[in-house]
Every structure is written in structure tokens, then in C-alpha cells.
Amino acid sequence: MTPYQNRLSKNTKRLAEDMKIRHFADATIDAYTYHIGRFGDFLDGTSLQDATPEHVRSFQLHLIEERKVGWSSFNQAVCGLRFLYRTTYPKPWPVAMIPFGKRPKRLPTVLGIDEVDGLLQCVPSLKIRTCLTTLYACGLRYSEGANLTIPDIDSTRMQLRIGSGKGDKTRYVPISPRLLQELRQYWKVERPPNFLFPGKTPDCGISDTSLRKAMKLAGKEAGINKSVSPHTLRHSYATGLLESGVDLLTISRLLGHKSFATTMIYLHVRRTHLGSAPSPIDLPPVRQLPGWKQDEYASLPESKNDEEADKKKPKNRN
């Protein structure tokens, strides 16, 4: 049973049913019903059907000033409100007037090949280590890796079927010989019945919390000072492909991005791109830098140093 089914109320039951009719993901239903439930509590006696734009505005200020939620939670609440008053309880006032919060523009955290290798070696659990290796080797989201099953591995064509991608889309990604070997070694030990990486019970996949905790401990043991999560491995996969010369369109297809613009963020973190930019400290003449009198300059008398420096100056042709 998903979390939202345990806390459905009169206000959110119809909302959840409308979302199920439209085949929304359980995680989306859970997020929308949670925020609409909080909105109903905030109204304090006023029904959702009788709410006005002023009520919505006050609730948004409440989220920012009192609850101090992040932009992600704030925008989830906005999406829930827009769906509520467009579909479940349609309103005559324009629902589009409910504003979204500004999303911060941050670049993803990326690990190098040596850092990923060191991190994986510090994960003691075979199941978690193999799962993280799969996420990195195929550039998967956490949910995609957690929902993998045994039939998804096509060793004949060397492909991995991703059947539960974002937006309920299916795609295929290549599977490397090294990953296939590690999966076979994992299979010999664990013998999972259904899910490739089962959680506490065989009927569900491994939890995101387990992977996050394992990565945090392994990163600390490996001496990695960056903040890492399972999604960091996906960013590292994409950046590694880009630095290896794979074109952006191919990377976008492998990652399952809906928009090509989403993939372009990796242009800003690739090492070859950043490494080609010169530093201003390298541009001034050597004489202007501290300790410039070295090598042959240091062995000459002071008067000869000036003569040698004058010879190296470009002559004025005018």
C-alpha cells in the first residue's frame, strides 16, 4: 500500500481518484494529496470547493515564511493546487495565476572515474555495491534501478531494458561486459526471485534510503569531500560519456531525457570544456610575477639582467 492510501481524507480521495484515472504515478499522487491535505488544514473550516485565490496566495506565503519549504516542495504544492482547481473542482477564476517558485540554477555534482571506483570499493554489501555499479554503468535513475527484474537483462544483445522510466517510458541501454560479469557473480550469491535488487521484502525494490546511507558512508571512507547521492552516479555517467566524445543527442537518448535542453547542462561540467579556459594569472609577462628572476636571470649581474630583458622586449617598428 502506498503512503497516500493510508492518509486519504474526504478532501483528497476524489483528487487521488482523478489522478488515477489519468494514470499518474503513485509518487505524484502521494505528493499532490499530501500538499492538498495540508492546504485543507490551512483553510481551517473553509472547504476546498469554496477556496478563493486569496486563500491560495495566503497558503503560498505560509509555505515560504512559516514552513520555509524548498523550491521543489513549493512547486509540488503549486502543481497539486493547479490540478485540484482545473480537474477535481474546476473554478471560474484562472488557475494559471497560481505562480511557481523560481528554481535555483545549480550544476550537478560529478565524480571522476577514480573517485567512483574508490567509492564502490568502500561499499561492503554485495547487493548495494552491485546496484550502485549498475546505476553508474548504465546512467540509471534510482527508481529505474530499483525496479529492474531478471528478464530485463538481455545478455545476448548486451542490452538492459528500462521498463519503468520517468513518464512510464521504456528504453534500452547498452550493458558493458564488466557489468554483466558482476551481475552474474551477484546472481550466484543472492539469487533474487523477482526484482534484481529486492528490498526488505521480495515484492519491492531496494529503498532509496539504503543506497543514500551506503553512498554517504562509502564516500566518507573513500575520502570524497563532495556531497554524493545515487543520482550523482547518473551525472557522472553522462559527463564521462561527453568527455569521451559521445555526442549530446546519443547521451540524451541513453538518459531518457524528454527535452534535449536537459542534457545540455553537462556541457558546463565537462572537464575538457573547463580545462581549455586560461587563467589570467598566466597572461602577464614573467617580469611582473613574484620571483621572476630565476635560472639565467638569477646568475647574471643586475646590469646584465636589464640588458637581457631589453633584448627580449619586442622592437617598436614605427
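Helices (DSSP runs of H or I, at least four residues) and strands (DSSP runs of E, at least two residues) are numbered from the N terminus. The model shown is predicted, and for that reason local features need pLDDT of at least 70 and side-chain atom pairs count only at pLDDT 80 or more, while totals for chains, interfaces and linings use all residues. Residues are numbered from 1 along each chain as its sequence is written, and side-chain values use heavy atoms, with hydrogens and water left out.

**View A. T12 in helix α2.** T12 belongs to helix α2, which comprises residues 10-21. Contact means heavy atoms within 4.5 Å. When neighbours within four places in sequence are set aside, T12 contacts R7, T33, I36 and G37.

**View B. Two loop residues with positive phi.** D44 is found in the loop between α3 (26-43) and α4 (53-65). Its phi is near 55°, a positive value in a residue other than glycine. Because its relative accessibility is 67%, D44 counts as exposed. R191, in the loop between α9 and α10, also is a residue other than glycine with a positive phi, near 50°.

**View C. The two nonpolar cores.** A nonpolar core is a set of buried Ala, Val, Leu, Ile, Met, Phe, Trp, Tyr and Cys residues joined through side-chain atoms within 4.5 Å. In soluble globular proteins, nonpolar side chains tend to be buried together. The largest core here has 43 residues, and L119, L132 and F197 have the most contacts inside it. At least two residues of this core come from each of α6 (113-121), α7 (126-138), β2 (159-162), α9 (177-190), α10 (208-221), α11 and α12. Residues up to four places away in sequence not being counted, L119 touches L111, M215, A218, G219, A222, I224 and V228. A second, separate core has 26 residues, including L15, A16, L84 and I98.

**View D. The pair of helices α11 and α12.** Helix α11 (residues 230-243) and helix α12 (residues 248-255) have axes that come within 10 Å and cross at roughly 155°. Axes are lines fitted to C-alpha atoms, for helices over the stretch in contact, and angles run from 0 to 180 degrees between N-to-C directions. The two helices are therefore roughly antiparallel to each other, a term for angles over 145 degrees. From α11, R234, Y237, A238, L241 and L242 meet L248, I251, L254 and L255 of α12. The residues of this contact comprise eight nonpolar, no polar and one charged. Here Ala, Val, Leu, Ile, Met, Phe, Trp, Tyr, Cys and Pro count as nonpolar, Asp, Glu, Lys and Arg as charged, and the others, Gly among them, as polar.

**View E. S155 in the loop between β1 and β2.** S155 lies in the loop that joins β1 (153-154) and β2. With a relative accessible area of 33%, S155 is partly exposed. Leaving aside neighbours within four places in sequence, S155 contacts L180 and R184. The C-alpha atoms of S155 and P177 are 9.1 Å apart, and the two residues are 22 residues apart along the chain.

**View F. G118 in helix α6.** G118 lies in helix α6 and is partly exposed, its relative accessible area being 22%. From C-alpha to C-alpha, G118 and G223 are 8.7 Å apart in space, although 105 residues apart in sequence.

Key:
Angles under 35 degrees count as roughly parallel, over 145 as roughly antiparallel, 65 to 115 as roughly perpendicular and the rest as oblique. Buried means under 20% relative accessible area, exposed over 50%, partly exposed in between (1.4 Å probe, protein chains only).
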